Number of protein chains: 2
Amino acid sequence: MKPQRSNSRSNSRNRALVEAAADLFASQGFKATSMRDIARAVDMLPGSIYYHFDSKDDLLLAIYEAGVAQITQTFEEAVESLDDPWARLEAGMAALIRAVTEESSFTRVIFKVTPDEVPKYSGELIAFRDQFEAKFEELLEGLSLQPWVNRQLLRLMLLGAGNHAQLWFSPDGDYSADEISEQFCRFVKESATR
Amino acid sequence: MKPQRSNSRSNSRNRALVEAAADLFASQGFKATSMRDIARAVDMLPGSIYYHFDSKDDLLLAIYEAGVAQITQTFEEAVESLDDPWARLEAGMAALIRAVTEESSFTRVIFKVTPDEVPKYSGELIAFRDQFEAKFEELLEGLSLQPWVNRQLLRLMLLGAGNHAQLWFSPDGDYSADEISEQFCRFVKESATR
DNA sequence: CTATTAAACAAACACTTGTTTGGTAAGTCA
DNA sequence: TGACTTACCAAACAAGTGTTTGTTTAATAG
C-alpha cells in the first residue's frame, strides 16, 4: 500500500491523477490506455505515478471504488424521495443510464472496463459491481408483479438494456435518459398491472 | 490484399488460423490477444501469419465478416418457418442470445470486440453490425404495438438485454436461451396486447 | 527435369509496455 | 542547524508488441 493518507494537500495531485486516469479509461478503455498517456495528462513523468499508486491495476481499483460510491449515491438520491415503487424504478433506471453515459467518467469506467480485464483484482471489481446491482435489486422487490415474472431475469434485462446505452446514447441525440428510462420501464409496468 | 483465393487446399491452414484467432478474440478480447498467441494456437511462427493476412486488424475483419454471415443465417433459419410475429420475435431473440453465448466464437467476437478498438476498420465493423441489427428491426416491424411504444427504443432495449447476456449467461446455469428469450419478450407482448 | 509458386521458418526490427532505481529540490519538524 | 519526508525527475529495465526481411522446403506445372 502507498499513501492514500489524507495529510498535506498532496491529494490534489493524487486526485488529478485518478481523474485523468478515469477520463482515459472511460473513453479509450483500460488496455488501450498507457501509463504514459496518464502521465502526460497530468503533466508528470510516467515513473512518478508510482509514488502515488503501486500499479496500473491499483489505479483502476481506486477508480472503481470511487465510481461505485458515486453511482450508489446518485442512485439513492434519485430514489429516496419517492414512494411509489414504479416511480422509484423509473428514477433508478434513469440514474443508471445517466451513470453509464452522461455522468462523471468514474461511473462510466465501471461499465466500460470489465473485471476480467484485470485478473489480479477481478474478485474485488466484481464485488464492487455487485454492490450497486444489489441496490437495483432492492428496487424490484418493491414491485408487485404477475406470477409469470422472474425477478432475476427482469433485473438482468433492465441492467443489460441500461448498460448497453453506453454504446449508442448521445447527449444531443433524440432521447434523454429520462425518456429512455420511462420507455423501458413502461413495458414492465404495463405487463404487470394489466 | 493477400491470398483469400480458394485454390489449393491451403485454405485449411487459413481456416485454422481464423478459427484460432476467433477463439482467442472471443475469450480474451482483441487487445489482450497477441499474434504470438494465435501463432502458438495453430503451431506456426508469428511471422508466418502474415503470409495469410496483412495485419492483425485484417484478421479481425475476416472474423467479423464470417461471424455476421453466420449469425444472420442462424437468425433467419430460426425465424423463417414461423408466421406469428410474436413467435418470430421470440425465436429471433433466442438466436441472438445463443449467438452471444453458446454459438461459435465467430459470432461471439462480434459482440465482444467493439468497433472502436480497431480504428482502421471501425466503419466496416459498424456496417457489419448494422447488417445484423437490420434483420432484428424487421422482426419488430411485424408486431402490432400500442401507440406509446417507440420501436427504436424497443429494439435497443432488446438488443442490449441480449448483448448483456454474454456477461452472465452460463450454459449450465439456471436458464436456457429459450427461457430467457421467452421472459424478455413476454414483457413486450403482454404490454402490447392488453 | 526444370521453373515456379505456396507456405512456412528463423531472425530480427523498431517500438511500446508496465515498472524500478537512484537521485534531488523543497518543505517540515525537532 | 540538521534529520527526515514529500513529491517528483531522469533514465533505464526487461518483457512484449505488431511487423518485415531473407531464406528454405515442398508441392505443382510445363
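Q: Which ring has the charged end of Lys56(A) over it?
A: This is a predicted model, where local features need pLDDT of at least 70, side-chain atom pairs count only at pLDDT 80 or more, and totals for chains, interfaces and linings use all residues. A charge sits over a ring if NZ of Lys or CZ of Arg is within 6 Å of the ring centre and within 35 degrees of the ring normal. Over in chain B, Lys56(B) lies over the face of Phe30(B), 4.4 Å from the ring centre. For Lys56(A), the charged end is 4.4 Å from the centre of the ring of Phe30(A).

Q: Why is the pair of Phe75(B) and Phe132(B) edge-to-face?
A: Rings of Phe, Tyr and Trp (its six-membered ring) pair if their centres lie within 6.5 Å; planes under 30 degrees apart are stacked, over 60 edge-to-face, and the rest tilted. Here the centres are 5.5 Å apart and the planes of Phe75(B) and Phe132(B) stand at 85 degrees, so the label is edge-to-face.

Q: How many residues apart are Phe75(B) and Phe132(B)?
A: Phe75(B) belongs to helix α4 (residues 56–80) of chain B and Phe132(B) to helix α7 (residues 122–141); helices here are DSSP runs (H or I, at least four residues), numbered from the N terminus. Residues are numbered from 1 along each chain as its sequence is written. The pair links distant parts of the chain, 57 residues apart.

Terms used. Chains lettered and ligands numbered in written order. Heavy atoms only, no water. Helix = DSSP H or I, 4+ residues; strand = E, 2+ residues; numbered from the N terminus.
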